[in-house]
Amino acid sequence: MIRRLQPHEMDELIALWLASTIDAHPFISESYWHESESIVRNVYIPQSVTWVYLQNEKIAGFISVMDSLFIGALFVSEPFIGKGIGNALMAHVKKQYPALSLEVYQKNYRAVDFYHHQGFRIEESAWQNETHHPTWIMSWPEGETL
């Protein structure tokens with residue numbers, strides 16, 4: 001079941017985000033993600049529209065959209081990867097918004113492949129000064145520049 005994040009679920013969501021982001025980005029120091037937790041919890045998630053996918057009343061995945069166009073986060077808990085949760089969350093936000101963009105680390109091959117399969121296309125390359133790693137700016141539908 002997909003529904004909006006409830007305020008009392010923030011700790012559960014942040015725990016999923018932290019574990020998933022550390023797993024998805026082994027090329028970035030784990031300490032960077034721990035240092036980023038506060039801004040994710042207190043700024044990014046509150047400024048986003050966030051939907052959660054519930055499995056047995058627990059958050060199995062979530063997606064956050066900022067400014068009605070930018071996917072700031074899409075994470076699925078490790079035991080549920082490959083079970084269609086990411087696809088379901090993406091389909092849900094595609095029904096809400098006519099065009100979306102995102103930024104993904106170039107070395108996060110699994111995510112880049114996932115977004116390509118979702119119809120996102122690379123628009124440009126960028127550089128993350130904080131992590132010293134390159135990213136892709138991707139958009140959907142193909143050719144939409146946001």
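## A walk through the chain

Residues 24 or more positions apart make up 57% of the contacts in the chain with a separation of 6 or more. Keep that figure in mind as we go, and remember that the model you're looking at is predicted.

Let's take the overall layout next. The chain has 4 helices and 7 strands. If you trace them along the sequence, you get the pattern β-α-α-β-β-β-α-β-α-β-β. The radius of gyration is 14 Å, close to the 15 Å that the globule rule gives for 146 residues, so the chain is as compact as a globular protein of that length. Taken along the principal axes, the box that the C-alpha atoms fill is roughly 40 × 35 × 30 Å. How much of the chain is buried? Of the 146 residues, 44% count as buried.

Now find strand β7, which covers residues 133–140. Strand β5 (residues 100–105) runs antiparallel to β7, and 6 bridges join the two. You can pick out one of these pairings by eye: Ser101 has Ser139 as its bridge partner in β7. Strand β6 (residues 121–128) also pairs with β7 in the antiparallel sense, this time over 7 bridges. Here you could look for Ile122, whose bridge partner in β7 is Met138. β6 and β7 form a hairpin with 4 residues between the strands, and in that hairpin His132 takes a positive phi near 60 degrees.

Is Thr50 buried or exposed? Its relative accessibility is 4%, and the cut-off for buried is under 20%, so Thr50 counts as buried. What surrounds Thr50? Leaving aside neighbours within four places in sequence, Thr50 is in contact with Arg3, Arg4, Leu5, Leu13, Ile45, Phe62, Ile63 and Ser64. With Ser64 there's also a polar contact: the side chains of Thr50 and Ser64 are joined at 2.6 Å.

Let's finish with charges. Side chains of opposite charge can pair when their charged atoms come close. How many salt bridges turn up in the whole structure? A search finds 4. One of them joins Arg41 and Asp11, with the closest N and O atoms 2.6 Å apart. This pair links distant parts of the chain, since Arg41 is in helix α2 (residues 30–44) and Asp11 is in helix α1 (residues 10–24), 30 residues apart. Arg41 counts as partly exposed at 23% relative accessibility, while Asp11 counts as exposed at 54%.

Arg41 has another partner too: the side chains of Arg41 and Glu37 meet in a salt bridge at 3.3 Å, N to O. Both residues lie in helix α2, 4 residues apart, which is about one turn of the helix. Glu37, at 22% relative accessibility, counts as partly exposed. Through shared partners, salt bridges join Asp11, Glu37 and Arg41 into one network.

Another salt bridge brings together the side chains of Arg110 and Asp23, at 3.8 Å from N to O. Here too, distant parts of the chain are linked: Arg110 belongs to helix α4 (residues 109–117) and Asp23 to helix α1, 87 residues apart. Arg110 counts as partly exposed at 49% relative accessibility, and Asp23 counts as partly exposed at 44%.

Notes. Residues are numbered from 1 along each chain as its sequence is written. This is a predicted model: local features need pLDDT of at least 70, side-chain atom pairs count only at pLDDT 80 or more; totals for chains, interfaces and linings use all residues. Side-chain values use heavy atoms; hydrogens and water are left out. Two strands pair if DSSP finds at least two bridges between them. Buried means under 20% relative accessible area, exposed over 50%, partly exposed in between (1.4 Å probe, protein chains only). A polar contact is a pair of N or O atoms within 3.5 Å; within protein, one must be able to donate a hydrogen and the other to accept it, and residues adjacent in sequence count only if both atoms are side-chain atoms. Contact means heavy atoms within 4.5 Å. The radius of gyration is taken over C-alpha atoms; the globule rule is 2.2 Å times the number of residues to the power 0.38.
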